[in-house]
Amino acid sequence: MAPSDPMLYVMGGGTRQRLGLWQLGGDVTTLVLVHGTGTRQPAYGTAFDRFVERIAGIRPTHAVAQCYWGGPHGSRLNAAGVSIPSGKSHRGLDDPLLGAVTDEDAQVALWGLLERDPVFELRLLSAGQVAPEELPPNAAPSGKELTAAARRLSASATVGSLAAIAGLDGVLTDAVEAVLASPATADAMRYLLALGGTLRATLARAFVADALWRADEDLVGSFPLDGAHRDALVAAIVAELGGSDRGIGSSAGRFGLNVALRLGATRPVERRRSAITEAAAAASGDVLMYLARGEPIRTFIAEAVMAVEAPVVLVAHSLGGIASVELLATRALPAVELLVTVGSQAPFLYELNALPTLPFGAELPPTVPRWVNVFDRRDLLGYTGAGVFPGRVEDREVDNRAPFPRSHSAYFANERFYAVLDEVLP
């Protein structure tokens with residue numbers, strides 16, 4: 001709805017009425033609800049209705065107006081997604097869960113899990129066995145030689161050369177020791193006679209996955225390593241450990257992948273890229289578009305403010321909070337006497353020097369009214385403002401008791417959030 005004809009409710013006597021501005025009379029404070037990134041209809045309407053009902057319980061004479069900028073100014077795939085790569089692989093295998101899955105799909109999916117949990121495949125191997133092998137009296141554990149061979153990997157010229165080419169030579173030894181010390185490895189070693197080469201191949205993948213994890217930690221980012229160099233290193237390690245009697249990429253890898261699929265853990269992402277991109281485009285696209293061309297959204301909010309009865313309280317969620325802060329920092333809107341940001345990234349972007357109109361180090365101008373910033377520590381998109389704007393921002397913490405990303409939208413159902421509003425609203 002255009003800001004010149006806002007949807008405006010006045011609460012009174014427990015009855016919600018839709019009123020035109022010309023019907024208003026008396027001293028009315030108007031709350032304007034500015035939504036955040038990715039919000040579209042009917043989601044905004046549902047959230048607005050809930051907000052109206054809850055405000056009625058704490059300020060029955062106040063008005064509540066919409067500021068739905070996502071319709072006219074939200075991001076969209078303007079060419080219907082033609083920039084998204086499409087097409088299918090040509091080496092398809094039949095899988096009862098995935099349909100056509102390639103060998104490369106299987107390997108990439110398996111490594112996607114290994115990079116998050118290097119010993120998960122070892123854990124699955126031991127869990128799939130019925131009973132550990134029985135050893136003769138006084139016999140040494142069968143995994144002793146395999147463990148010794150693993151600890152000699154650093155002395156192998158082939159492994160050392162391939163690790164250096166991959167860039168993992170500095171972390172591989174520590175990775176080997178960490179995997180060998182894992183209880184999952186100790187459990188799997190008890191089944192060495194039954195598992196044989198499958199266990200050796202699984203160990204090799206675990207060593208390289210743990211090394212990749214350590215390289216990521218050292219880099220504080222994603223270490224650049226392609227599948228070809230990774231697999232060459234795995235193959236060299238398998239050979240040093242005694243070889244795989246079933247091939248590196250078949251039995252063990254498919255075993256781990258199939259179990260993961262049954263747990264619903266993975267599916268080749270590129271197969272769903274179009275759907276994923278279209279679903280995420282509004283959320284990520286709104287942020288990118290605002291940072292590049294945010295003035296239309298700020299103008300839309302300003303027009304919504306000017307179209308309603310003063311005084312005005314802006315209640316702005318997420319990206320709406322960013323736009324509202326920048327609007328008030330660059331334009332005098334005397335009608336706005338209170339800004340309430342909710343789960344907003346404005347303080348974080350300011351600290352990054354990423355706000356288009358408010359560079360880091362610049363003080364908030366007097367056009368910014370009293371600012372109350374509501375955040376939840378479980379909301380990874382909610383930040384505190386008092387540290388970067390001392391004396392100008394009042395941080396109020398709530399606990400939505402929900403995991404991220406739900407914690408980012410749960411404020412508007414939280415009793416504590418409305419208790420905060422009850423404290424700060426005029």
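Helices (H or I, at least four residues) and strands (E, at least two) are DSSP runs, numbered from the N terminus. The structure shown is a predicted model, in which local features need pLDDT of at least 70 and side-chain atom pairs count only at pLDDT 80 or more, while totals for chains, interfaces and linings use all residues. Residues are numbered from 1 along each chain as its sequence is written, and side-chain values use heavy atoms, with hydrogens and water left out.

View A. On a 1 Å grid over the protein atoms alone, a pocket is an open set of points where a 1.4 Å probe fits, with protein on both sides within 12 Å along at least five of seven lines; lining residues have an atom within 4 Å of a point. The lining comprises 24 residues, of which Thr39, Ala47, His317, Ser409 and Phe412 lie nearest the centre of the pocket. Strand S3 (30-34) and helix H1 (43-58) each supply at least two lining residues; H1 gives the most, with five. By class, the lining has eleven nonpolar, ten polar and three charged residues (nonpolar: Ala, Val, Leu, Ile, Met, Phe, Trp, Tyr, Cys and Pro; charged: Asp, Glu, Lys and Arg; polar: the others, Gly among them).

**View B. Crossing of helices H1 and H17 (residues 415-424).** The axes of H1 and H17 come within 10 Å and cross at roughly 55° (axes are lines fitted to C-alpha atoms, for helices over the stretch in contact, and angles run from 0 to 180 degrees between N-to-C directions). H1 is therefore oblique to H17, a term for angles that are not under 35 degrees (roughly parallel), over 145 (roughly antiparallel) or 65 to 115 (roughly perpendicular). The contact, meaning heavy atoms within 4.5 Å, is made by Arg50, Phe51, Arg54, Ile55 and Ile58 of H1 and by Glu415, Phe417, Tyr418, Leu421 and Asp422 of H17. Six nonpolar, no polar and four charged residues take part in this contact.

**View C. Cis peptide bonds at proline 311 and proline 405.** The bond from alanine 310 to proline 311 is cis, with omega near 0°; proline 311 lies in the loop between helix H14 (295-306) and strand S7 (312-317). Phenylalanine 404 and proline 405 are likewise joined by a cis peptide bond, with omega about 10°, and proline 405 is found in the loop between strand S10 (393-397) and H17.

**View D. Backbone of asparagine 353.** Although not a glycine, asparagine 353 has a positive phi of about 60°. This asparagine 353 is placed in the loop between helix H16 (346-351) and strand S9 (370-375).
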